[in-house]
Amino acid sequence: MIQTNRMLNCEGLACPMPVVRTKKTMEEMKAGEVLEVRATDNGSVADLQSWASRTGHQYIGMKEEGGVFRHFLRKSPENETKPETKHPHVIGNEELNRRMADGAAFTIVDVREPAEYSFHRIPGAISIPLGELEQKLDLLPKDGEYAVVCRTGTRSDLACQLLAERGYSAVRNVVPGMSAWEGPAERDE
């Protein structure tokens, strides 16, 4: 059994809230302390691992029990943490919609979980959940242009940073993402 110093309940919350609340709670903790984050959002698995990696905190592991993901993170000392960064290149929903209408050549990559994608997506968007992105990079030519979308722009920001680190130069984060998308949309029947 993992000895924890604090427990954070994020059950029922969707991205970006598990990461937002984890960040706030970790700021209040001492280096070396362990936080257990309980979440029901499938995306929290990739989101919290990616957040910890990018900030220098240790993602110890995860256990799933009855649909609840129990994440364990250890706060790193200040000299081991990294400042949080944002992907510098963004595109707004309206601009993306205009570029689609103009027939611009780019690929929309939707990094939400499959259920989110199936119920509301931009036509032509390809589904690659954030947790699978690194293993599926061969599907995305490096010389392509990409608009990366999620629900709010948080998960897609992490995906854009990953793509940029792997040598993709034409990558834009769609902000605010599907939570405010008013352009054409489709869903599975």
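This is a predicted model: local features need pLDDT of at least 70, side-chain atom pairs count only at pLDDT 80 or more; totals for chains, interfaces and linings use all residues.
1. Let's start with α6 itself. The helix covers residues 154-165. Its 12 residues span 17 Å from first C-alpha to last, close to the 16 Å you'd expect at 1.5 Å a residue.

2. Is α6 mostly enclosed or open? Nine of its 12 residues are buried, so the helix is largely enclosed by the rest of the structure. If you want to find them, the buried ones are R155, S156, D157, L158, A159, C160, Q161, L162 and L163. Notice that charged residues turn up on that list, including R155 and D157.

3. Now zoom in on α2, which runs over residues 44-55. It packs against α6 at an angle of about 55°, and the two axes are 10 Å apart. The crossing is left-handed.

4. Which residues make that contact? From α2 come S44, D47, S50 and R54, while α6 supplies R155, L158, Q161, L162 and E165. Sorted by class, you get two nonpolar, three polar and four charged residues. R155, L158, Q161 and L162 are also among the buried residues of α6.

5. One last thing to look at: just after α6 ends, G167 takes a positive phi of about 100°.

Methods
Residues are numbered from 1 along each chain as its sequence is written. Side-chain values use heavy atoms; hydrogens and water are left out. Axes are lines fitted to C-alpha atoms, for helices over the stretch in contact, and angles run from 0 to 180 degrees between N-to-C directions. Helices (H or I, at least four residues) and strands (E, at least two) are DSSP runs, numbered from the N terminus. A crossing is left-handed if the near helix is turned anticlockwise from the far one by less than a right angle, and right-handed if clockwise. Contact means heavy atoms within 4.5 Å. The expected span of a helix is 1.5 Å times one less than its number of residues. Buried means under 20% relative accessible area, exposed over 50%, partly exposed in between (1.4 Å probe, protein chains only).
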